[in-house]
Amino acid sequence: MMAKRIGGTGKNRGEDSTILGRISNSEIVSHGRRAAGEAVGVSKKLLWSTGKAAWIAGTTFLILVVPLIIEMDREAQLNEIDLQQASLLGAPAQPMQRGF
């Protein structure tokens with residue numbers, strides 16, 4: 001049930017006869033709706049660009065950083081094997097540097 005306007009003749013004179021009608025058709029509400037619509041649009045664009053940036057960062061990490069980490073681990077394992085072999089042969093254990 002909607003609230004009716006108090007006072008007057010009760011006839012519609014080209015205005016909204018309910019308080020809710022007047023509020024929903026006010027200029028402030030229309031500005032708020034417009035601002036909310038613009039905020040949604042900006043949020044969608046931000047989310048889309050953030051997703052693109054995350055995709056670029058993720059693929060770059062996989063292509064450049066992961067192989068580097070694997071190679072560094074492989075190099076550390078080779079150095080450890082060389083140290084073990086040197087200690088078995090009776091040579092003094094000294095870390096070997098490769099690739100320099």
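The protein chain has an average pLDDT of 81, and 74% of its residues score at least 70; pLDDT is the predictor's confidence in each residue, from 0 to 100. Over residues 7-14 the pLDDT is below 50, and beyond near neighbours in sequence this stretch has three contacts in the model, a contact being heavy atoms within 4.5 Å. The model is predicted, so local features need pLDDT of at least 70 and side-chain atom pairs count only at pLDDT 80 or more, while totals for chains, interfaces and linings use all residues. Residues are numbered from 1 along each chain as its sequence is written, and side-chain values use heavy atoms, with hydrogens and water left out.

The secondary structure consists of two helices and zero strands. Helices (H or I, at least four residues) and strands (E, at least two) are DSSP runs, numbered from the N terminus. Of the 100 residues of the chain, 3% count as buried. Buried means under 20% relative accessible area, exposed means over 50%, and partly exposed lies in between (1.4 Å probe, protein chains only). The chain exposes about 9,100 Å², with carbon and sulfur atoms supplying 66% of it; such areas come from the Shrake-Rupley method with a 1.4 Å probe, and for residues only the protein chains shown count as cover.

Helix α2 covers residues 27-89 and includes Phe 61. In an unreviewed entry, UniProt lists residues 53-70 as "transmembrane region". UniProt positions are given in the numbering used here, feature names are shortened, and annotations may be inferred rather than shown by experiment. The span 53-70 is 100% helix and 0% strand, and its end C-alpha atoms lie 25 Å apart.

A nonpolar patch on the surface is formed by Phe 61, Leu 62, Ile 63, Leu 64, Val 65 and Ile 69, with about 600 Å² of accessible area together. Patches are made of residues with over 30% relative accessible area and no salt bridge; like charges are joined within 9 Å, and nonpolar side chains (Val, Leu, Ile, Met, Phe, Trp, Tyr) within 5 Å. Phe 61 has a relative accessible area of 42%, so Phe 61 is partly exposed.

A salt bridge is a side-chain nitrogen of Lys or Arg within 4 Å of a carboxyl oxygen of Asp or Glu. By this rule there is one salt bridge. Glu 71 forms a salt bridge with Arg 74, and the closest N and O atoms are 3.5 Å apart. Both residues lie in helix α2, three residues apart, about one turn of the helix. Glu 71 counts as partly exposed because its relative accessibility is 41%.
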